[in-house]
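Subject: Structure handover and notes

Dear colleague,

Here is the structure I promised to pass on, with my notes set out below it. Please read them with the model open beside you.

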Amino acid sequence: MRPTERLISIVSVATAFFIGSTTLMPPAVYGSWWWTALWCAIGTGTAWSLVKTRLRHRPPLFFMHLSFLLILAGGGLTAFLSERGTLRLSPGETATVFVTEEGKESPLPAEMTLVSFTPEYYPGMSFPRDFRTHLAVKGAEDMEISMNRIGRMAGYRLYQTSSDDKGGTVLTVSHDPAGTAVTYAGYLLFILSGAWMLSRRRKWRKPVPAVMTASFLMLCTAEAGAAFPAIDRARADSLEGRQVIFNGRVVPFGTVSRELTLKLTGKEKVGELSATRFVASLILYPEEWSDAPFLYVKSRPLRKALGINGKHVSPRALYSDSATYRPAAIYRGGEGSLDKAVLQLDERVALLGRLIDGTLFTPLAEGDSNMRPYAEIKAELLWNRTDPPRIYFILILAASLLALCGVNTRIASWTAAGAGICVLAWQWYVTGHAPLADSPQILRFMATGIIVTGAVATRNDRFLTSAVLLTAGCVALVSWTGTRDPAMTPLMPVLDSPWLAIHVSIVMTAYALLAFTLPAAVTALLSRTRREELTATSLSALAAGTYLLAVGIFAGAMWANVSWGRYWAWDPKETWALVTLLLYALPMHRSTGMRDNPILFHTYLIFASLSIVMTYAGVNLLDSMHAYS
């Protein structure tokens, strides 16, 4: 690598991590003069490369770099020419202006009157599923606005944001006459030029491509000899398949019981009691069970502060003789890990309270129109009993060991891949939505993507196949551990969108391709004779992975624009996704010389993989709207 090229590489990596470090700085950074100057410099450098280098003789690369200029130009136009603000209306109120982010009044394109504002809730819950605003517009047709449905007029876009405590609506108003159009043109040009470039590659190794009320349970009988009263097994079995509304979804009582038991106790059953028997017993005998130590307290400092012996505490032990909630005296306003542990315990206590007072779920009567087909209920109960995510990660790790021991690598890889596809399809069938709604589901999708990539790209290399399967197995293991503390709230309204599956599936496929380069890099560094071949294979995975990551980022930007009227907000997740994209794009440039130095190339890929960890998991430690919990 020549000195100039080495300098370019160092500056590029430093710039990428500097952009990532801004996630630790105040948000005002992104509106500062020097931040604007930085991107002007990047734009100028890109323009210079288009004019002074030979890119003009390579149309796919030329148009791809031109797309970056269009995206930068669109961002500049949005920053300097757009207007954005808030419109608050009560029923019957008329407005002619909205309040900008700077606190000034700006005229609306027409006089608007709020005819009605209607929140829609998940069945049997007070959690909103959508908000619907009906506006009467002077001189034009009425306007209907809801989450993920924009109101448009004369270049202005109105987005449903929230509501106030007086039954009024809160709308975001955005006027961006040129920036969005130019940015979207850049997105389109990148997608087309990237597809063109990938189709022309000649060195592909492979085409990597409820409440259950007490009266309902009064017929249950307590089992003799139990430390705490519990319903009998036969009655519990009959309750397991009863359909209830829980978190806005119709599910069998067995699903509620399993998730709640895991949440409250950290285990799938309590002593000899199954989850269904345990939860039903809590409902029927709440006073007796208040002295049972079943609430899980993971934090050792919190256990010490509360004077708890062991990892579980009884509900009654959390209250003093004067009925004061003891953890409240420990809470200090949200600062530090101890406060976080208090909030986690609070969540468990709140869920237990909702179960006892009859607001956690709602039973459905026989013949109710909301009831699901019997086959779906049976499939969900089978899922609960067998725990496919656990079987899946064990299968992957076993396949990794078998591949290393000489079992046919194709059989090992495609068996694991097929199992992953079946698990994803099964979960989609029982939940009714794409299995991409929370962290465990996304990680499971990523693990399957890594396996499929490896099955296509590794041929009969038992060591590399084993390394790929081991990597995927670890991801699947982390995914399964996430299911041990299930999220017990329904989807946020903004997530009830087809963009969820589009954006997340593309991005996670990209991460799977990029993650594949980690075991490939380790193999290359350990096997001298395989370095050249693995360099070509990794370059193919890099090309497809960076392209799909960019497309996934663009899809996320378009989703944000549809939902909030802003396609880029420098959220930590967005910022680190950009950093990951820049870092993985760098070694594909011939000017860096990495492609001709296998040791440097594969060493770089190992360190670059840390950016994926930061993008996915690290941002959870920051104030991010994308943080998974």
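Leaving aside residues up to four places away in sequence, S400 touches S466, L469 and L470. S400 itself is found in helix α14, and with a relative accessibility of 5% it counts as buried. Please keep in mind here, and in everything that follows, that this is a predicted model.

For the overall picture, the chain has 629 residues, of which 49% count as buried, and it contains 21 helices and 13 strands. Its accessible surface comes to about 29,700 Å², with 62% of that belonging to carbon and sulfur atoms.

One part that may interest you is an open sheet of three strands, in which the order is β10-β9-β13 and the pairing is antiparallel. Strands β10 (249-252) and β13 (362-363) stand at the edges with a single partner strand each, so one side of each has no neighbour in the sheet. The antiparallel pairing of β9 (residues 243-246) with β13 runs over two bridges, and in one of the bridges between them V244 has P363 of β13 as its partner. Helix α7 (residues 253-265) packs on this sheet, where it touches β9 and β10, and the direction of the helix makes about 90 degrees with that of β10.

Side chains of opposite charge can pair when their charged atoms come close. E268 is partly exposed, with a relative accessible area of 26%, whereas R258 counts as buried at 12% relative accessibility.

In the other, D387 forms a salt bridge with R258, and the closest N and O atoms are 3.6 Å apart. Through shared partners, salt bridges join R249, R372, E376 and E380 into one network.

Most residues other than glycine have a negative phi, and most peptide bonds are trans. The phi of D387, however, is near 55 degrees, which is a positive value in a residue other than glycine, and the relative accessible area of D387 is 2%. A154 lies in the loop between β6 (151-153) and β7 (156-163), and, with a relative accessible area of 63%, A154 is exposed.

Turning to the aromatic side chains, a pair of rings is described by the distance of the centres and the angle of the planes. The count comes to 23 aromatic pairs. Among them, F68 and F190 form a tilted pair, with 5.7 Å from centre to centre and 35 degrees between the planes. This pair links distant parts of the chain, with F68 in helix α3 (residues 59-81) and F190 in helix α4 (residues 179-199), 122 residues apart. F68 is partly exposed at 31% relative accessibility, whereas F190 is buried, its relative accessible area being 4%. F190 also pairs with Y547: the ring centres are 5.8 Å apart and the planes are at 20 degrees, so this pair counts as stacked. Both F190 and Y547 are buried. Elsewhere in the notes, Y30, W34, W35, W39, W568 and W570 form one aromatic cluster.

Conventions:
Residues numbered from 1 in each chain as written. Predicted model: local features only at pLDDT ≥ 70, side-chain atom pairs only at ≥ 80, totals over all residues. Heavy atoms only, no water. Pairing = 2+ DSSP bridges. Helix = DSSP H or I, 4+ residues; strand = E, 2+ residues; numbered from the N terminus. Contact = heavy atoms within 4.5 Å. Axes fitted to C-alpha atoms, helices over the stretch in contact; angles between N-to-C directions. Buried < 20%, exposed > 50% of the residue type's maximum accessible area, 1.4 Å probe, protein only. Areas by Shrake-Rupley, 256 points an atom, 1.4 Å probe, with all protein chains shown as cover. Salt bridge = Lys/Arg side-chain N within 4 Å of Asp/Glu carboxyl O. Phe/Tyr/Trp six-rings, centres within 6.5 Å; stacked < 30°, edge-to-face > 60°.
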